[in-house]
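Dear colleague,

Please find below the structure that I am handing over to you. I would ask you to keep it open while you read the notes that follow.

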Amino acid sequence: MESFDTTGLYTGKDRGKMETYPDGKPVQPFDIKEEDINIESIAHALSMICRFGGHVKLFYSVAEHSVRVAQIVPPAFALAALLHDAQEAYLGDIIRPIKYSIRWFEETDKKAQAIIMKRFGINYSEIVSKAVKDADNIVGATEGRDLMYHVETWGNLPPFLPDKIVPWTSDLAEWRFKEMFYRYGGIE
């Protein structure tokens with residue numbers, strides 16, 4: 001097997017940065033700036049990231065999850081709900097047991113979320129946050145029922161949504177995410 005020298009990889013000026021869709025713009029994921037953020041990048045990345053660390057019966061994107069959360073909150077909160085996981089476009093979807101066990105990551109996640117909400121002019125008050133978290137838990141429980149294996153072991157769950165989740169393609173999830181963003185007044 002042929003070997004190669006990796007010591008020179010990722011040592012340039014953009015070390016520690018990621019390239020973002022659609023143009024390869026370099027972004028430092030642990031130090032996101034408002035000017036780094038755009039809805040095209042968020043919608044595309046979230047449509048390509050699988051929920052639950054990929055441990056699902058079928059591919060199910062964070063973008064679809066976000067749309068479903070936004071569909072069950074009051075319309076005034078829909079944009080905040082749609083973007084509640086937008087930071088995952090830059091930080092990845094870290095499963096809850098890990099995310100909430102690593103304090104610096106939880107803080108980084110919250111900081112990135114706040115920057116994204118500010119970028120899109122969303123007031124993420126405690127009332128909005130609670131409504132979104134409640135909807136997030138309802139959708140998450142329903143995802144567990146329909147896409148996982150042992151939701152009955154998850155503890156005290158909220159009521160499930162009545163309809164079974166049949167996952168969308170990543171292209172459809174991306175389109176629906178962007179459509180909902182603009183329908184509820186999102187401004188790029």
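Helices and strands are DSSP runs, numbered from the N terminus; a helix has at least four residues and a strand at least two. Please note that the model is a predicted one.

Is Asp36 buried or exposed? The cut-off for buried is under 20% relative accessible area. Asp36 has a relative accessible area of 10%, and it is therefore buried. Leaving aside residues up to four places away in sequence, Asp36 touches Lys25, Val27, Asp31 and Tyr90.

**The loop between β1 and β2**

Strand β1 covers residues 18–20 and strand β2 covers 25–27, and Asp23 is found in the loop between them. Asp23 counts as exposed because its relative accessibility is 62%, and the cut-off for exposed is over 50%. A polar atom of the Asp23 side chain lies 3.1 Å from the backbone nitrogen of Lys25. Lys25 is also one of the residues that Asp36 touches. Asp23 and Ser41 are 18 residues apart along the chain, and their C-alpha atoms are separated by 9.0 Å.

Pro22 has its place in this loop between β1 and β2 as well. The peptide bond that joins Tyr21 and Pro22 is cis, with omega at about 5°.

**The loop between α1 and α2**

Phe52 lies in the loop between α1 and α2. Its phi is near 60°, which is a positive value in a residue other than glycine. Phe52 counts as buried because its relative accessibility is 18%.

**How the helices pack**

Two packed helices are described by the angle between their axes and the distance between the axes.

*α2 with α7.* Helix α2 comprises residues 62–71 and helix α7 residues 126–147; they pack at an angle of about 125°, and their axes are 9 Å apart. Which residues of α2 and α7 make the contact? On the α2 side they are His65, Arg68 and Val69, and on the α7 side Val132, Ala135, Asp136, Val139 and Glu143. By class, the residues of this contact of α2 with α7 are four nonpolar, one polar and three charged. The two helices, α2 and α7, are therefore oblique to each other, and their crossing is right-handed.

Asp134 also has its place in helix α7. Asp134 is partly exposed because its relative accessible area is 35%. The C-alpha atoms of Asp134 and Val69 are separated by 9.1 Å, although the residues are 65 apart along the chain.

*α2 with α8.* Helix α8 comprises residues 170–183, and its axis and that of α2 come within 8 Å and cross at roughly 40°. α2 is therefore oblique to α8. The crossing of α2 and α8 is left-handed. From α2, the contact is made by Ala63, Glu64, Ser66, Val67, Ala70 and Gln71, and from α8 by Ala173, Arg176, Phe177 and Met180. The contact of α2 with α8 has six nonpolar, two polar and two charged residues.

*α1 with α8.* The axes of α1 and α8 come within 8 Å and cross at roughly 145°. What is the handedness of the crossing of α1 and α8? The crossing of α1 and α8 is right-handed. In α1, the residues Ile39, Glu40, Ile42, Ala43, His44, Leu46, Ser47 and Met48 meet Ser170, Ala173, Glu174, Phe177, Lys178, Phe181 and Tyr182 in α8. These residues divide into nine nonpolar, three polar and three charged. Ala173 and Phe177 of α8, listed here, also take part in the contact with α2.

**The loop between α7 and α8**

Pro159 lies in the loop between α7 and α8. Pro159 counts as exposed because its relative accessibility is 62%. Pro159 and His84 are 75 residues apart along the chain, and their C-alpha atoms are separated by 21 Å.

With kind regards

Methods. Residues numbered from 1 in each chain as written. Predicted model: local features only at pLDDT ≥ 70, side-chain atom pairs only at ≥ 80, totals over all residues. Heavy atoms only, no water. Axes fitted to C-alpha atoms, helices over the stretch in contact; angles between N-to-C directions. Parallel < 35°, antiparallel > 145°, perpendicular 65-115°, else oblique. Left-handed = near helix turned anticlockwise from the far one by under 90°. Contact = heavy atoms within 4.5 Å. Nonpolar A, V, L, I, M, F, W, Y, C, P; charged D, E, K, R; others polar. Buried < 20%, exposed > 50% of the residue type's maximum accessible area, 1.4 Å probe, protein only. Polar contact = N/O pair within 3.5 Å; in protein donor to acceptor, adjacent residues only side chain to side chain.
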